[in-house]
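Here is a short note to read beside the structure. Follow the points in order and find each residue as it comes up.

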2 protein chains.
Amino acid sequence: MMTVELDPSVLTGADLFDVLDAQDRAEVLRVGVVRRLPQGKRIFAQGDPGITCHSLLEGRVKIVQTRPDGAQSVIRFIGPGEMYGTVAALMDMPFPADSVAVLDSLEIYWPVKVMRELMTRFPQVAIRSAASAGHRLFELQNRVGELSGERVEQRIAHALVRLVRQAGRRTDEGIEIDFPITRQELAEMAGSTLHTVSRTLASWDDRGITASSRRHIVVRKLHVLLDMADHGAS
Amino acid sequence: MMTVELDPSVLTGADLFDVLDAQDRAEVLRVGVVRRLPQGKRIFAQGDPGITCHSLLEGRVKIVQTRPDGAQSVIRFIGPGEMYGTVAALMDMPFPADSVAVLDSLEIYWPVKVMRELMTRFPQVAIRSAASAGHRLFELQNRVGELSGERVEQRIAHALVRLVRQAGRRTDEGIEIDFPITRQELAEMAGSTLHTVSRTLASWDDRGITASSRRHIVVRKLHVLLDMADHGAS
DNA sequence: CGTGACGTTGACGAACTTCAACTCCTGTGG
DNA sequence: CCACAGGAGTTGAAGTTCGTCAACGTCACG
């Protein structure tokens, strides 16, 4: 494992730590371990004991659940500044899903024991962490609602809207998803198959709603997507 | 609104408060409002500002999400001793779903301001609350996985297993769901329709797996149900 | 004893998945 | 620099699951 030189500013964007001043951030950094994650690297595995809390510094990580029959679903994508694995670790439970780097990435992690100390010393960190868990709770509640009633096209629209919010970058072509994503992954977000996603994107491309290519999606007409997401209007 | 005479022991079963001694529990009770909930009463509505934290003392409450097209999904059922509405309130957000009493029930609630004070004075209450939110997070994550790949029968099996764990009562006939539940509600838990649930239960009844009647379900062969839930074996 | 809410059952077909065969990139090693 | 291997994507056709429509039972309660 290599050690990487970093100055405290790398934690600036992190939800959990931007409430701290530079000195405290330096302290938080000092007690964590920074490491590179090559693309495809599995950071932790579903079922492993949750003994580490992670925060992404650069790149992109996906959280994937595998079911007994082997089918996978993408629970969420993690961007720079987001924490993951934290809830399981703090609750002393096994990780409920795998986490995999989808890009060459950089993370910092702490043994849960250390994170607990940090949270005691810096209660704002604990509060932020709880708030983030709360938001995820609501988001999952919405997803349960979506998955249990909506048609596939609508669910794919929802998934894509979510990606736009989380990883959308404005360009003159429209809003671009800023990391490479496959149809398979989009299917695993929407609870569908890569075939159906492929057909759906093809149709949206035809209608000028999106412009998609290999592992790359640009949303050209977000309003249409939003419409589909909550009316189901085609 | 009527006031109800209660002694502190009513909070004994409550996850959140059984860490407190009798005196502290009495204090917690004193600052809350106890009220009866007739069957069908809506306690709070999706979109309402979350300004109250609730705990069920007796009866049964369902948390239901309504989507723009009018379709509903049952997010969870609340039993005695469970909290609800708390996460939204503490996060100062609108309630993300309706809550409705499915039986004549009894609840206690606190303005969120008061709950925050209680949590400051009794940090164990805050810790319990966070742990409970964490468990719900994992449960929802699993449900997302289930809803996005599994076949209907398997999803209904999951829903029923969940009900057994939460509201199962051993009888000599098998394990009985201890509150009245309609096929419609089971369908809304499993992301299906009352028709499919009706057919599925009929088939299970034939095979001796369950014994269902009007708003009433007894599970006779839990192992078969568990098998179906995670193998998909029929 | 009538009026709703709840439940059942059959027929039908749309929506998707599954299967299969092909194409097109992209990176790698000879 | 080219060949080729494997990942990613496309597209048609076949097959199934399940939702939808419709009509009818039945239980509970006033």
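1. Start with A:Lys62. Its bridge partner in E5(A) is A:Phe77. In E7(A), the partner of A:Lys62 is A:Val100. Strands here are DSSP runs of E with at least two residues, and helices are runs of H or I with at least four, numbered from the N terminus.

2. A word on the basis. This is a predicted model, in which local features need pLDDT of at least 70 and side-chain atom pairs count only at pLDDT 80 or more, while totals for chains, interfaces and linings use all residues. Residues are numbered from 1 along each chain as its sequence is written, chains are lettered from A and ligands numbered from 1 in the order in which they are written, and side-chain values use heavy atoms, leaving out hydrogens and water.

3. Now the strands around that residue. E4(A) and E5(A) run antiparallel, joined by six bridges. Two strands pair if DSSP finds at least two bridges between them. The two form a hairpin with five residues between them. In the turn, A:Gly70 has a positive phi of about 95 degrees. E4(A) also pairs with strand E7 (residues 98–101) of chain A, antiparallel, over four bridges.

4. Is strand E4 of chain A mostly covered or mostly open? Strand E4 (residues 61–66) is mostly covered: five of its six residues are buried. Buried means under 20% relative accessible area, exposed over 50%, and partly exposed in between (1.4 Å probe, protein chains only).

5. Turn to chain B. An open sheet of four strands has the order E1-E8-E3-E6, with antiparallel pairing. Its edge strands are E1 (33–37) and E6 (83–84) of chain B, and each pairs on one side only. Strands E3 (residues 52–58) and E8 (residues 105–111) of chain B are joined by six bridges. B:Leu56 stands opposite B:Glu107 in E8(B).

6. Next, the interface. In chain A, 32 residues are in contact with 32 residues of chain B (heavy atoms within 4.5 Å). The buried area is about 2900 Å², and carbon and sulfur atoms give 71% of it. Buried area is the accessible area (1.4 Å probe) that two parts lose on being put together, summed over both.

7. Last, the charges. The rule finds two salt bridges across the interface of chain A and chain B. A salt bridge is a side-chain nitrogen of Lys or Arg within 4 Å of a carboxyl oxygen of Asp or Glu. A:Glu150 forms a salt bridge with B:Arg67, with the closest N and O atoms 3.5 Å apart.
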